[in-house]
Every structure is written in C-alpha cells, then in structure tokens.
Amino acid sequence: MAIEPRAFLTTMETRIGLTPEDKSVMKENADWGSSIAEEMANHFYAYLGRDAEMSGILSATEGRAHRLHKTFIEWFSQMFTGMDNWGDEYAKCRWHIGLIHVKIGIAPQHVVPAMAVVVHEVGKKLKADGKSEELKEALGRICMIDLAFIEQAYVEVSSAAVLKETGWSAALFRRLIATGASDM
Ligand code: HEM
C-alpha cells in the first residue's frame with residue numbers, strides 16, 4: 001500500500017492548486033525564506049514545548065531538540081526552492097519526513113495544529129515585511145502539500161502493518177474500516 005512519492009506530489013499539486021506562478025514567487029523569495037527560517041523554528045519549537053506530550057517527545061533523547069531546530073530550518077527553506085524544483089528529490093524528502101514522524105508515534109492530532117502554527121507565524125511575518133498576497137497563498141499551499149505527506153504516511157504505514165500482520169487483502173481491510181465507521 002506504499003505510495004509513490006512523486007506521483008503523490010503531482011496529485012497534491014493538482015488538488016491543492018499549486019501553480020507554476022506559485023513556484024516562481026516562492027523561488028523569488030527564497031533568500032527571504034532562509035532569512036526568517038530560524039525565527040520560524042523558534043516559534044515552532046516554543047509551541048511544541050508548551051504542550052506536555054509534545055515537549056516530552058522532544059526531550060526524549062539526547063540532542064533531539066537541537067537536531068530538530070536545524071532540520072526545521074532546512075525544511076522551511078526548502079519550501080521556497082522546491083529543492084529540485086518540486087521533483088523526485090522533494091517528493092522523497094517529504095515522504096521520508098512523514099515516515100519519521102510515524103516511527104516516533106506522532107499522530108495527526110499533533111501535526112495538523114503544528115502546521116497551523118507555521119502558517120500563522122509566517123503569515124504575521126509576511127505582513128510585517130510587506131510581502132505579497134501571492135506569496136502568502138503559495139506558501140499556504142506548499143505547507144498543505146507537506147502536511148498531506150505526513151498525514152498520508154500515517155495511514156499508509158498503519159495499513160501496511162495491519163495487512164502484513166493479518167494477511168488480509170486491502171479490499172477486506174477497507175471494508176472493515178467502512179463497517180467500523182458505520183458502527184461508531
Ligand atoms: C508542521 C509539522 C512538522 C514539520 C514540518 C516537521 C519537520 C520535521 C523534520 C524536517 C524532521 C527531520 C526529518 C529527518 O531527519 O529527515 C523532523 C523530525 C522529527 N520531528 Fe517533526 N515536524 C513537524 C511536526 C512535528 C511534531 C508535531 C512533533 C512532536 C513532538 C515533531 C517531532 C519530531 C521528532 C521527535 C523528530 C525526530 C528527531 C530526531 O530524533 O532526529 N515534529 N520533523
């Protein structure tokens with residue numbers, strides 16, 4: 001049931017409406033993105049630190065918080081360049097980020113509000129720095145695409161684990177989920 005990251009990226013671009021113009025405006029502002037990445041990382045980890053559960057995850061292993069600060073800055077800057085112009089490398093990187101969060105046990109209920117914080121904080125910074133509405137919209141879209149990767153990883157990994165453990169077919173699994181949902 002694993003997804004093909006590049007195909008997933010293409011589908012998300014279409015569904016979320018990320019356009020060539022969005023990509024251009026983000027690339028034009030890549031230096032600005034890098035210049036505010038550290039400030040955004042500070043907001044992000046301050047937010048996670050205020051939640052007891054997430055704060056526990058962040059401090060669970062030696063050096064994790066420090067490492068995360070650095071990887072967040074890279075992640076944030078990559079949104080503006082698309083790495084390889086939103087190609088295979090970008091898609092694989094976002095899929096890998098999704099898998100890491102599943103492995104650590106970070107559920108959608110943590111990831112969605114965390115991305116909302118990114119969108120909110122970057123929105124305030126855009127306004128303060130007099131950046132365009134077009135850039136705001138483009139960043140909102142790419143954030144949603146990155147979020148979709150993390151969320152989809154959660155579903156794919158849990159489904160694959162159940163199928164492997166039980167030997168059920170994907171169709172049977174889908175039917176059981178649908179029945180379970182009707183019973184709730
Ligand atoms: C907007 C949502 C999020 C983004 C964009 C994000 C970004 C990242 C990135 C880029 C990495 C590094 C992946 C790698 O090593 O290749 C990472 C790892 C990680 N993230 Fe997140 N993250 C998000 C949400 C969260 C949340 C809600 C938590 C909850 C505490 C969290 C905790 C972690 C942890 C513990 C790691 C692994 C750190 C390590 O030990 O190396 N992340 N994240």
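Student: What do the buried residues of helix 6 pack against?
Tutor: They pack against helix 1 (5-16), helix 5, helix 7 and helix 8. Keep in mind that this is a predicted model.

Student: Which residues of helix 6 are buried?
Tutor: Tyr90, Ala91, Arg94, Trp95, Gly98 and His101. They sit on the same side of helix 6, because they cover an arc of only 130 degrees around the axis.

Student: And which ones are exposed on the other side?
Tutor: Asp88, His96, Lys103 and Ile104 are exposed there.

Student: What comes just after helix 6?
Tutor: Gly105, with a positive phi of about 90 degrees.

Student: New topic, the ligand. Which residues come nearest?
Tutor: Met54, Thr71, Trp75, Ala114 and Met115, out of 23 residues around the ligand.

Student: Which helix gives the most to that shell?
Tutor: Helix 5, with six residues. Helix 4 (52-58), helix 5 (64-85), helix 6 (88-104) and helix 7 (108-128) each supply at least two.

Student: How do the shell residues divide into nonpolar, polar and charged?
Tutor: There are 15 nonpolar, five polar and three charged.

Student: Now Ile142. Where is its place?
Tutor: Ile142 is in helix 8 (residues 133-166).

Student: Is Ile142 buried or exposed?
Tutor: Ile142 is buried, because 23 other C-beta atoms lie within 10 Å. The cut-off for buried is 20 or more.

Student: What is Ile142 in contact with, leaving aside neighbours within four places in sequence?
Tutor: Leu18, Met26 and Met79. As for Gly17, it is 125 residues from Ile142 along the chain, yet their C-alpha atoms are separated by 9.5 Å.

Methods: Residues numbered from 1 in each chain as written. Predicted model: local features only at pLDDT ≥ 70, side-chain atom pairs only at ≥ 80, totals over all residues. Near = placed C-beta within 6 Å. Helix = DSSP H or I, 4+ residues; strand = E, 2+ residues; numbered from the N terminus. Nonpolar A, V, L, I, M, F, W, Y, C, P; charged D, E, K, R; others polar. Buried ≥ 20, exposed ≤ 12 C-beta atoms within 10 Å, placed from the backbone. Contact = placed C-beta atoms within 7 Å. Arc of directions from axis to C-beta.
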